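Dear colleague,

I am passing this structure on to you. Please look through the sequence and the model first; my notes follow below.

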Amino acid sequence: MLDAGSWSVTLANVSIIEPSRLSRLSSLWGQEVFLLSPPLTRGFFWKAPSERLRPSQMGKACLRAYALEVLGLEFPVSPRLQSIFEAGNSIEDRIVSRWKRAGLVKKTQVPVTFNDPPVFGKADVILATGRSEHLVEIKSMNHRRFTELGVPSRDRAANMTKLLAVYRSCAVQWNTYASLAERDGFVIVEDKDTQEQRIFWLRRDEVLWADTLERASRVWELAQSRRVPAVPDDRTPRSKSDSECRWCDAKALCLALSKKATSLEHFRLSFVNRI
């Protein structure tokens, strides 16, 4: 275990150390690991830029956050957050298991691909009922957000509008899968606190898919040229009212570094030079 004069914790193959002052370690298991102190309170590291885009990240409202993730910026997952992910996975396993016993499941972990820009992902499940097939995503959330999402409508377009307003990443992810798999279907959401479930029937949205593809192409071009875009005009990292920025892991970097567009190399060196 490395010692920086204070506590440290090892997560997988990445060691995050909380020193008394801002520090930087190089070549730790072949990766650069940056160590943050207030107001930058979480360690992060750079991986190699992604070789393809994931539908789960394509719903990010902020182009900079989207691009930084594709360019390789990653934050370690805390034990608490890992537990939340595992709880969500167990809910998905339980629901799929029941559908299998009912003879409804045609296929799980359905691969979907797109060539330009390169996209790869796996939809949760395809259900078969009679002659119909439905592409399904399974999500879970806390009671507050579940209540905010509200009751599903019989109108599939209205359900899409509601999901985009409350759970944009889910709506874009489902629509990406559905557009590539050429199937309609639904998103089933479970309240983690009460186990209440709601089904939002959806129809593929061609306009949303075109917008998603346009943004994905732009991010892919930025990744290929190793460019970091500017903070979008509609984002305010210092404002608590901007929920997109408020809960964004990369917000600390936007606050500490230039909000202008720059090269990835300059963006990374700008941080190092502050140490």
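Helices (H or I, at least four residues) and strands (E, at least two) are DSSP runs, numbered from the N terminus. The model is predicted, so local features need pLDDT of at least 70 and side-chain atom pairs count only at pLDDT 80 or more, while totals for chains, interfaces and linings use all residues. Residues are numbered from 1 along each chain as its sequence is written, and side-chain values use heavy atoms, with hydrogens and water left out.

D234 belongs to the loop between β12 (227-228) and α7 (243-246). With a relative accessible area of 56%, D234 is exposed (over 50%; buried is under 20%, partly exposed in between, with a 1.4 Å probe and protein chains only). In sequence D234 and C62 are 172 residues apart, yet their C-alpha atoms are 8.8 Å apart in space.

Aromatic pairs come next. Rings of Phe, Tyr and Trp (its six-membered ring) pair if their centres lie within 6.5 Å; planes under 30 degrees apart count as stacked, over 60 as edge-to-face and the rest as tilted. The whole structure holds three such pairs. One of them is W99 with F186, edge-to-face, at 6.2 Å centre to centre and 90° between the planes. W99 lies in helix α2 (residues 79-101) and F186 in strand β10 (residues 185-191), so this pair ties together parts that are 87 residues apart in sequence. Both W99 and F186 are buried. Together with W201, they form one aromatic cluster.

Regards
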